[in-house]
Structure formats: C-alpha cells, structure tokens
Amino acid sequence: MLPDGGRMLNYFDITDQKKAEEELKKREQDIRYILDKLPIPIAINDTKGFCLYGNEALERTMDC
C-alpha cells in the first residue's frame, strides 16, 4: 500500500520475451531434427557428464 492508502499496480508487457522463447524453442527443435538425421552417434553432456541429449544413431548404437 502507498502512504495515502492507495495501491500501485505494475504491468509488464512480456510479448517480446514470449516471442524470443518460442523462437528459441523452434531453433532447438530444428537442431534436434538435424542431429537425429546424422548417421554418427552424438551425445550432448552437461559439465558434470550427465547426458542431456543423444541422437537416434546413438540410441541405435546403445541398443542391445
């Protein structure tokens, strides 16, 4: 509340942020599609070695 008893409301336009997030998501999907079509196994790991992504060729290689 404000000192005079009133209220202040804030609104933020997040339209640009949402558009950027959608573009990033689309680019990630495009990259995953390309990586999945490569014939060589590819893994993307984080800094601790945890596998974040493996393409289809990696999955076929690991399949027993």
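E28 counts as partly exposed, since its relative accessibility comes to 42%. In this predicted model, E28 has a partner: R32 forms a salt bridge with it, and the closest N and O atoms sit 3.2 Å apart. R32 is partly exposed too, with a relative accessible area of 34%. Both residues belong to helix α1 and are four residues apart, so about one helical turn separates them.

Another one joins D30 to K26, with 2.8 Å between the closest N and O atoms. Here again the two residues are four apart in helix α1, which means a separation of about one helical turn. D30 has a relative accessible area of 35%, so it is partly exposed; K26, with 42%, is partly exposed as well.

Next comes the pair of K18 and E21, whose side chains meet in a salt bridge at 3.7 Å, N to O. Both lie in helix α1, which covers residues 15-37, and they are three residues apart, about one turn of the helix. K18 counts as partly exposed because its relative accessibility is 45%, and E21 counts as partly exposed at 37%. Side chains of opposite charge can pair when their charged atoms come close.

Away from the charged pairs, there is a nonpolar patch to look at. I44, F50 and L52 form this patch on the surface, and together they have about 310 Å² of accessible area. I44 lies in strand β1, made of residues 43-45. With a relative accessibility of 38%, I44 counts as partly exposed.

Methods
Residues are numbered from 1 along each chain as its sequence is written. This is a predicted model: local features need pLDDT of at least 70, side-chain atom pairs count only at pLDDT 80 or more; totals for chains, interfaces and linings use all residues. Side-chain values use heavy atoms; hydrogens and water are left out. Patches are made of residues with over 30% relative accessible area and no salt bridge: like charges are joined within 9 Å, nonpolar side chains (Val, Leu, Ile, Met, Phe, Trp, Tyr) within 5 Å. Accessible areas come from the Shrake-Rupley method with a 1.4 Å probe; for residues, only the protein chains shown count as cover. A salt bridge is a side-chain nitrogen of Lys or Arg within 4 Å of a carboxyl oxygen of Asp or Glu. Buried means under 20% relative accessible area, exposed over 50%, partly exposed in between (1.4 Å probe, protein chains only).
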